[in-house]
Amino acid sequence: MSGEIWAFAEERDGAVRPTSLEVLGAAQDLAGRVGAPVAAVVAGGNAARAADALAARAVARVLALEDPSLEPYTPDAHARVLREAIEAESPRAVLFSHTYRVRDFAPKLAAALASPYVPDCVALRVADGEPVFVRRVFQGKIDATVRARGARPVLATLQNGAFPADAVRDGRAPAPIERRPASVPPDAIRTRVREVFEGVKDRVDLSRAETIVAVGRGIGKKENLAIVQELADALGAEIAASRPVCDSEWLPMDRQIGSSGQTVAPRLYVAIGISGAIQHLVGMKGSSTIVAVNKDPNAPIFSVADYGIVGDLFEVVPALTALARGGAS
Amino acid sequence: MKVAVCIKHVPARDSRLRIRSDGSWVEERDLSWEINEPDLYALEEALRIRDAAGGEVVAVTAGPDRAGEALRRGLAMGADRAIHVASEAFTAGDAQVAARALADALAPEAADLVLTGVQSDDKGYAATGVMLAEMLGLPHSTLIMEVRLEDGRVRARREMESGWFEWLELPLPALLTIQSGINQVRYATLKGIMGAKKKEIRRVEPALADGSPTVVEALAFPSRDSGAEIFEGDARGAAAKLWERLRRDGKVR
Ligand SMILES: Cc1cc2nc3c(=O)[nH]c(=O)nc-3n(C[C@H](O)[C@H](O)[C@H](O)COP(=O)(O)OP(=O)(O)OC[C@H]3O[C@@H](n4cnc5c(N)ncnc54)[C@H](O)[C@@H]3O)c2cc1C
Ligand SMILES: Nc1ncnc2c1ncn2[C@@H]1O[C@H](COP(=O)(O)O)[C@@H](O)[C@H]1O
């Protein structure tokens, strides 16, 4: 059964994570273009429920790799179970979602298999019957077209949100589920999970704010935050920030927006001196109106913004504050 | 305690990037360079571990001649010595090429702890550290926000999505990829910069037998056609046009 395109579905508490559907849709599409069957692959302590959900999709089969050692998650167990499956079945390519978990084990898996690894892709193309991958480099500023060399199975991860989840096609009849009990010897798992917990318990809830003024590293230093706070006050907005602003302790951690912070969707989101890295965008791209102020016309933030001003925030922000104050009086 | 830390020399974050005429990579002439941001946090964490537990910090980079600058900066911040795996081939090579070269350089060091950053600002694979762990046969964890050393073990706090964390325990030797924000990074002092001149940078040639498993065919700036409506003019003029639009949209009063 070699030559399949595999879609790795990440399982959480029995369910398939929504980003895994993006991967499955992309795998179906790629498989159609290179003329290969698709298999969905899930790994977990008990993957039965996730496997059933996957079997309803248009796939040739579902591989359920099951072993108690896969719970709780460790990179040792995941890489080992997948390595054995890939070595036994020789798929042509394995697609993953670029989640925190996949980033933790997929590079290990690629190194163990000596497989090409193409992480964080935003598009998949086909040329001469071969997959061609597009990934962002330089913090989202440039696209790189990448090809894999050699005959080993290619491992690629897909950026969250870059492929539509609703493109997944359902099957006419449930696909066969092949349950593969794995056997990971206990000493193969070197990491012990001691505790899982939520960082800040009573953090400010920015998800209710109607207007958010978010500030990035472009502000330069903590003392300069005052001009952004003034704009926020004049707009009756909450102030928020990109990660580096919180890392530098210019604003508290609980005001961070993005994949490791809060997810918000206000009526108006004003991004000031924020470049628009994907980890920031996932936390705010659902906002109904996005305004960006940035001196770099190529900043990726402008690709999600509705309105933009290319200019120096130290001139633009006070001008906006004056307008906001004028409007209120 | 011997701590090895991998630091990468990358174009400064606000560089004006130009793509080479053959599309193969960016034009490297007239760029300014810096240490990859998460790697600074990794280096700072290594220095703190050494300062508390004794031992040494070895900084390692894989890159062309210019990358030696990253090592000099690392030594000025307080690393004890450095290894430069020197080759032009790293520009075109992927994470596996870098990890293989770093593994060959680090295997004889037998460090107790190897630290890398989570991700490079230029290539952004988020993979080199994890691949290096596999090649060195070390247990690893990623996105680490706190490190505590105990007898023969390390406890690490790993960042997960949406503000969640987990505490993990790994036997030493181990590899951790360090996430930005784990600490506040020190500046190199004048004394540090002077002292660094006497420290060793050992230069090694990588084997690079296999070539890169992936190749970049072309770079291009993404099209921004679905992008924002940009308001032109001087700051006050542009702000006024934006404001008028937001009022019309009912977004501000
Ligand atoms: C696993 C992981 C999780 C992450 N989680 C998050 C997260 O939750 N949230 C988050 O935000 N980031 C997160 N990051 C970091 C993210 O990758 C980026 O590094 C970060 O978002 C960049 O922040 P920034 O845009 O403020 O800074 P930079 O990228 O440095 O951008 C600064 C911007 O300011 C502009 N600028 C500078 N001066 C001026 C001026 N005078 N006037 C106008 N514009 C100016 C510049 O042109 C530039 O575009 C995460 C990264 C990783 C690897
Ligand atoms: N050429 C290199 N030299 C030294 N360290 C590197 C190199 N490439 C990657 N790294 C390390 O691996 C981390 C992840 O890089 P990457 O896999 O490119 O995102 C970086 O933060 C560095 O710590």
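How many nonpolar, polar and charged residues are there in the lining of the largest cavity? There are 21 nonpolar, 14 polar and 8 charged residues, where Ala, Val, Leu, Ile, Met, Phe, Trp, Tyr, Cys and Pro count as nonpolar, Asp, Glu, Lys and Arg as charged, and the others, Gly among them, as polar.

The model is predicted, with local features needing pLDDT of at least 70 and side-chain atom pairs pLDDT 80 or more, while totals for chains, interfaces and linings use all residues. Residues are numbered from 1 along each chain as its sequence is written, chains are lettered from A and ligands numbered from 1 in the order in which they are written, and side-chain values use heavy atoms, without hydrogens and water.

Select Lys8(B), Ala98(B), Ser120(B), Asp122(B) and Thr128(B), which among the 43 lining residues lie nearest the centre of the largest cavity. On a 1 Å grid over the protein atoms alone, a cavity is a set of points where a 1.4 Å probe fits but cannot get out, and lining residues have an atom within 4 Å of a point. Next, colour strand 4 of chain B, which gives the most to this lining, with 4 residues; strands are DSSP runs of E, at least two residues long, numbered from the N terminus.

Then move to the second largest cavity, whose lining includes Phe138(A), Gln139(A) and Lys141(A) as well as Val10(B), Arg13(B) and Asp122(B). By class, this lining divides into 5 nonpolar, 2 polar and 4 charged residues.

How values were computed:
1 Å grid on protein atoms, 1.4 Å probe; cavity = no way out; pocket = protein on both sides within 12 Å on 5 of 7 lines; lining within 4 Å.
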